[in-house]
Amino acid sequence: MGMDPRYGNPAPAALLAFGITTILICIHLADFFEMSSLILAMGAFYAGAAQVLAGIMAFLRGDTFATTTFLSYGFFWWSFVALTIMPDMDIGVSKPPSAFVGWYHFHWGVLTAALTVGSLKYHKAKTVVLGSLTVLFFLLAIAHWAESDTLTKIAGWEGICCGASSMYYGVALFLNIEHGRFILPVGGSTWDPSNTGVDAVKPSTEPKNLPVGSEEC
């Protein structure tokens, strides 16, 4: 079943929200700035909200992969914000120990690894975003288990690269869709080239022929 053309592609907004917020929190992890309300606000109201809304839009379009991805990471950001502020809210919950936070990141890494495998049928840029995010989660898990500031800083730098790749993919999708041709490359498909939703058509200079990927989240 194809995607419903009545709804626009929510992927650019979700990718930009995720990318910008990931870069900001990873600047913190790389030890440039302390944790602050700036990161929590971006996590709750941009990365979290935008991706949840994108997931709902993807559901309406009939896109299972994007629905799963955007809803998962949208709620991830909300859970992160809650984990950060709830211990200070005097509601009887304590800050989780570092080892437990490591398992939190580990399971998000497992989920992201599965999504990375699923992304292999789409644009390579999508696989780069999810693959680098998988590495980030596992680095954070190990850093928390080892209670290593050095590994946390390494994760921060890797996460900046991950966020930048997400921003690039979001901008590329937006520009390609709006101009009706390839402005920025997003990588070819590694799956069935006959799938018209994924890289089956060569770039066209005619505005009426949207570039491949305009229907892909």
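Helices are DSSP runs of H or I with at least four residues, strands are runs of E with at least two, and both are numbered from the N terminus.

I noted that this is a predicted model, in which local features need pLDDT of at least 70 and side-chain atom pairs count only at pLDDT 80 or more, while totals for chains, interfaces and linings use all residues. Residues are numbered from 1 along each chain as its sequence is written, and side-chain values use heavy atoms, with hydrogens and water left out.

**Entry on α4.** I looked up the buried residues of α4 and found V101, G102, H105, W108, G109, T112, L115 and T116. Seen down the helix axis, these buried residues fall within an arc of 135°, so they line one face of α4; the arc is taken over the directions from the helix axis to the C-beta atoms. An α-helix has 3.6 residues a turn, so residues three or four places apart point the same way. The buried residues of α4 pack against α3 and α5, where contact means heavy atoms within 4.5 Å. I also checked the span: α4 has 21 residues and reaches 31 Å from its first C-alpha to its last, close to the 30 Å expected at 1.5 Å a residue (1.5 Å times one less than the number of residues).

**Entry on aromatic pairs.** I found 15 aromatic pairs in the structure. Rings of Phe, Tyr and Trp (its six-membered ring) pair if their centres lie within 6.5 Å; planes under 30 degrees apart count as stacked, over 60 as edge-to-face and the rest as tilted. The rings of F76 and W108 have centres 5.0 Å apart and planes at 70°, so I recorded this pair as edge-to-face. It joins F76 in helix α3 to W108 in helix α4, 32 residues apart. F76 is buried at 8% relative accessible area, and W108 is buried at 15%. The rings of W108 and F137 have centres 6.3 Å apart and planes at 25°, so that pair is stacked. Here W108 in helix α4 is linked to F137 in helix α5, 29 residues apart. Ring pairs join F18, Y73, F76, W77, F80, Y104, W108 and F137 into a cluster.

**Entry on the cores.** I then turned to the nonpolar cores, which are sets of buried Ala, Val, Leu, Ile, Met, Phe, Trp, Tyr and Cys residues joined through side-chain atoms within 4.5 Å. The largest has 26 residues, of which Y73, W77, F80 and L133 touch the most other members. The elements that give two or more residues to this core are α1 (11-29), α2 (37-61), α3 (64-85), α4 (98-118), α5 (124-146) and α6 (149-179). A second, separate core of 13 residues includes A66, F70, V129 and L173. Leaving out residues up to four places away in sequence, W77 touches F18, T21, T22, I25, G43, A47, G48 and Q51.

**Entry on cysteines.** I searched the whole structure for disulfides (cysteine sulfur atoms within 2.5 Å) and found 0. For C26, the nearest cysteine sulfur is that of C162, 7.2 Å away. C26 is buried, with a relative accessible area of 1%. For C161, the nearest cysteine sulfur is also that of C162, 8.8 Å away. C161 counts as exposed at 54% relative accessibility.

Methods: Buried means under 20% relative accessible area, exposed over 50%, partly exposed in between (1.4 Å probe, protein chains only).
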